[in-house]
Amino acid sequence: MHSSQSLEDQIGTADTSRFVVRERTGAATPKARRWSFALAGLIVGLLYTANVFYCEHSTLKFMDVALPNSDMHANLMWARSIREQGWLNAAPYHPWNDWMQQIAPYSQWVEWWGGEQIFQQSPLYAYLLSPFVEHLIIFRILQALMGIGTCVFIGLFTARMASRAAGWIAFWLAALYAPFYAYSWPFLRDGIGWLLTAAALWALSEMTATVWPSGRARLFGWLAGVLLGLGFLARETYLLLIPVVWITLACIAWKRRHWGIVTRTALATVLTICPLVYRNWVVKAPLLSSSNRAAEVFIASNAAGARPYIFTIPAATQGILAETHGRTWPAIQASIASYPDGVRGWARLQVLRFISLFDPYESGDNLSFYFVAHISPVVRFGLRYWMILPIALAGLFLSIARKEHAQLWMWVFLPIVLSSVLFGTAVSRYRQSLMIFFIPWTAYFLMIMWSLINRRKFRTSAYWAMALLAGWALICGPLSRQPRGQYERPQEYFASVMIYHWLGEEQNERAMLAFARRMFPGVSYPEF
């Protein structure tokens, strides 16, 4: 009997047995909900506070200075240049790291970038950091609050697309997710990107789920537009996302025969990015330019010799930059042409990069996830990427099978966010942006499983459980490409030895040096 049932018969049709879908009336009183919110806020607040405490009382406090070739250091220096020059920042800081110095002098890089007045990347994060350069711990706390905000918006968005119960599950998954904590500490812009993406998904979902025209729809239209504009100021990905969102909203408006909400959203987006346009006009930069690194990033991540998930500098980098003069489209073409078999060689790299998204290894960039896990128990004992991935993929599959229209905005955002991950090297902190989608799909799937069990469909539940076990076995087995013994790297330990030396803590310096030598016997550490 079971074998003859369709997938929708087994998991419940979209019309008659939705798992979530609507809550029981009176399931929780307003007072009980307020207590639930307060308790949730207290717990996640304590978790982020503990993470900040452990990181602040470790060498992580000084890593931004000890690793001068890192983006953490570049963001700090850029924020200081804004503080010194004022908000126009006519001559923004541009990193000229060791590997860049080996390729060309600074003046040549400036020529490739199109001028020193163009920002090296979308500037919102550096501008937010600039008021706090003399009180960095305050900004660390602010980043922790951004992490909490990301958890909240993931929960709110999931509640809108599925149910209140699914929203709570998504919130707690995000609140226990270790990489969110690990990357909430360093001065990196990833956290603000996750926050704005989760908030934009929520605002757009609320807007499209509301009757048009209405005051609520207009309010969320303005809010969504502001969030999209802030996203553009925070991440280059929004240069592609914004027109796609506008087109999608136009299609919805055409069906609903109402254009006012779309106009408000577009107007709010434009107004939000006006300060950038004005600044660029004053300093004589291209009006919509927010980054000059596209060519450089694509070459480093895609030319012959690039690796799927470990950042390296291909030997062809200097030649391609010189040949293309740093222009993005010619650099893309030259990077692909650098393979002996052309497009096929580049396509193989993309396949390997896509497969690396299933690898449990968190590839280090700027700061090693595993080093932070040694310091912060919140990171050490939190949920990992590989734990969530199979459940999320199951939820993704079921959302397609059930034709979940409430998940429209996830499908609008996901291809562009995924392409941005594949555009560069798929290191740990870049692929975490996918968790903004994977966590809601995980909660969605868990609610389906709960529904199946409640309806005593134990055989179907068992099939899904076996599928999840097979997924975890694949991820931890054949798809795990990085040897377990190579998960750690020596950079942070070497930097810690230097930091303890600078601080005059000889006992800690000797202990860290001895520990690093045991972990990395083939690496030589200088004596101070």
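In this predicted model, Ser-130 is buried, with a relative accessible area of 8%. Ser-130 is found in the loop that runs between α7 (124–129) and α8 (136–161). From there, its side chain reaches the backbone oxygen of Tyr-127 at 2.8 Å. Beyond its neighbours within four places in sequence, Ser-130 is in contact with Ala-79, Ile-82 and Arg-83.

Ser-356 belongs to helix α18 (residues 343–356) and is buried, its relative accessible area being 3%. A polar atom of the Ser-356 side chain lies 2.5 Å from the backbone oxygen of Arg-353. With residues up to four places away in sequence left out, Ser-356 touches Pro-308, Tyr-309, Ala-426 and Arg-431.

Val-421 counts as buried because its relative accessibility is 2%, and buried means under 20%. Its contacts, leaving aside neighbours within four places in sequence, are Arg-353, Leu-357, Ala-426, Tyr-430, Arg-431, Ser-433 and Leu-434. Val-421 and Gly-326 stand 95 residues apart along the chain, and their C-alpha atoms are separated by 21 Å.

Returning to Phe-413, its contacts, not counting residues up to four places away in sequence, are Thr-197, Ala-200, Leu-201, Leu-204, Leu-228, Tyr-238, Leu-241, Val-245 and Phe-437.

A pair of aromatic rings is described by the distance of the centres and the angle of the planes. A search of the whole structure finds 34 aromatic pairs. One of them joins Phe-298 and Phe-423, with 5.2 Å from centre to centre and 55° between the planes, a tilted arrangement. This pair links distant parts of the chain, as Phe-298 lies in helix α15 (residues 294–302) and Phe-423 in helix α22 (residues 408–423), 125 residues apart. Phe-298 is buried, at a relative accessible area of 5%, whereas Phe-423 is partly exposed, at 30%. Another pair, Phe-354 with Phe-358, is edge-to-face, with 5.5 Å between the centres and 70° between the planes. Phe-354 has 40% relative accessibility, so this residue counts as partly exposed. Ring pairs also link Trp-96, Trp-99, Tyr-106, Trp-109, Trp-112 and Trp-113 into a cluster.

Arg-140 lies over the face of Trp-185, at 4.0 Å from the ring centre. Likewise, the charged end of Arg-257 sits over the ring of Trp-254, 5.0 Å from its centre.

Most residues other than glycine have a negative phi, and most peptide bonds are trans. Against that background, the phi of Arg-257 is near 60°, a positive value in a residue other than glycine. Arg-257 has its place in the loop between α13 (238–256) and α14 (260–283) and, at 60% relative accessibility, counts as exposed. Asn-89 is another non-glycine residue with a positive phi, near 45°. Asn-89 lies in the loop between α4 (71–85) and α5 (98–103), and a relative accessibility of 0% is why this residue counts as buried. As for the peptide bonds, a cis bond joins Trp-212 and Pro-213, with omega about -10°. Pro-213 is located in the loop between α11 and α12 (215–234).

Key
Residues numbered from 1 in each chain as written. Predicted model: local features only at pLDDT ≥ 70, side-chain atom pairs only at ≥ 80, totals over all residues. Heavy atoms only, no water. Phe/Tyr/Trp six-rings, centres within 6.5 Å; stacked < 30°, edge-to-face > 60°. Helix = DSSP H or I, 4+ residues; strand = E, 2+ residues; numbered from the N terminus. Buried < 20%, exposed > 50% of the residue type's maximum accessible area, 1.4 Å probe, protein only. Lys NZ or Arg CZ within 6 Å of the ring centre and 35° of its normal. Contact = heavy atoms within 4.5 Å. Polar contact = N/O pair within 3.5 Å; in protein donor to acceptor, adjacent residues only side chain to side chain.
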